[in-house]
Amino acid sequence: MLLGCLPGLAAVAALGLCAGGVDHATTAASGARPPAARPATAHPALRPPIVPRAAWLDDLARHAQPPPRYDDKVVAVFVHHTDSPNGYACADAPRIIRYLYAGQTGARDWDDIGYNFLVDRCGTIYEGRAGGVDRAVTGAHTQGFNHRTAGIAALGTFTAGVPVPQAMVDSIAALAAWKLGLSDVDPRTDVRLTSSNSRSRYASGTSATLPALAGHRDGYMTSCPGAALTARLPEIRATAARLQGRTAAGTTAGTTAGTAAGTLTGTP
């Protein structure tokens, strides 16, 4: 699928995908494990508007895939950029996402797009990986740390000196506040996760303390989500915490989460 078909966009660049540190999604065993019931949380946040997959995935692009896999909850969010051009019209975002999907499921032979969510420069949030936006869908976005996490990809390339649209920053914060709020996780805290892949920054089986709202580079040796977007993460954490109704400063002890890695088999 040639990216040159996208009006006003550079061609091949949009398949960079920041993908050096993305696990291949393993085919699920028959019968996806449903997530455990969630108790009411003390610090919920409103769910932001999310455009469904049907807006970007049509019948011509869609292919057969196994059932989604689930964890029991989401305790961390990883922020990415797609390493694709920035000068797109927001009306073209569905087509861009469709081409990203085609690149990951075609040339890379994955079972679905790896990111759980994508956000365009106008702040529109799109459902990415299948399985239900309000559920703890196991993604394929961060090498070694796909369990109990969600991947949010910013559409574009945000290296040093590149402006990050405020609408995009605000939407990432709102989305992270909602997803982490479902498990009552403060976006300003650290959490403990166990690496499931030695190609990450941590050997498989190692317990790592990582930000609850992290950049891709925190879990994998990469520059993703770019220096400019990485510099906005403190602001995103603070905004997300405020949207959860939190006022006290977050702690730095990794006490809010354990890990599901090791309890799920057959996954990266």
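View 1. D58 forms a salt bridge with R98, and the closest N and O atoms are 4.0 Å apart. D58 sits in the segment before β1 and R98 in helix α1, so the pair ties together parts that are 40 residues apart in sequence. A salt bridge here is a side-chain nitrogen of Lys or Arg within 4 Å of a carboxyl oxygen of Asp or Glu. Helices (H or I, at least four residues) and strands (E, at least two) are DSSP runs, numbered from the N terminus.

Before you zoom in further, please note that this is a predicted model, in which local features need pLDDT of at least 70 and side-chain atom pairs count only at pLDDT 80 or more, while totals for chains, interfaces and linings use all residues. Residues are numbered from 1 along each chain as its sequence is written, and side-chain values use heavy atoms, with hydrogens and water left out.

**View 2. Two further salt bridges, D59–R62 and D72–R148.** The structure holds nine salt bridges. D59 and R62 meet through their side chains at 3.6 Å, N to O; D59 is exposed at 67% relative accessibility, and R62 is partly exposed at 41%. For D72 and R148 the N to O distance is 2.4 Å. That pair links distant parts of the chain, with D72 in the segment before β1 and R148 in the loop between β3 and β4 (149–154), 76 residues apart. D72 is partly exposed, with a relative accessible area of 24%, whereas R148 is buried at 10%.

**View 3. The one disulfide of the structure.** C90 is joined to C122, S to S 2.0 Å; a disulfide is a pair of cysteine sulfur atoms within 2.5 Å. The torsion about the S-S bond of C90 and C122 is about 90 degrees, so the disulfide is right-handed. C90 lies in the loop between β1 (76–81) and α1 (93–107), and C122 in the loop between β2 (117–119) and β3 (125–127), 32 residues apart. C90 is buried at 17% relative accessible area, while C122 is partly exposed at 45%.

**View 4. Strand β1, with six of its six residues buried.** A76, F78 and H80 point one way from β1, and V77, V79 and H81 point the other way. β1 pairs with β4 in the parallel sense over six bridges, and H80 has A153 as its bridge partner in β4. β1 also runs parallel to β7, joined by three bridges, with F78 opposite A214 in β7. Two strands pair if DSSP finds at least two bridges between them.

**View 5. Helix α5 (residues 233–243) and its buried residues.** L233, I236, R237, T239, A240 and A241 are the buried residues of α5. They pack against β1, α2 (166–181), β6 (207–211), β7 (213–215) and α4 (227–231). After α5 comes G245, whose phi is positive, near 80 degrees.

**View 6. Confidence along the chain.** pLDDT is the predictor's confidence in each residue, from 0 to 100. The protein averages a pLDDT of 84, and 78% of the residues score at least 70. Over residues 1–16 the pLDDT is below 50, and this stretch has 38 contacts beyond near neighbours in sequence; contact means heavy atoms within 4.5 Å. Where pLDDT is low, the predicted coordinates should not be read in detail.

Note on methods
Buried means under 20% relative accessible area, exposed over 50%, partly exposed in between (1.4 Å probe, protein chains only).
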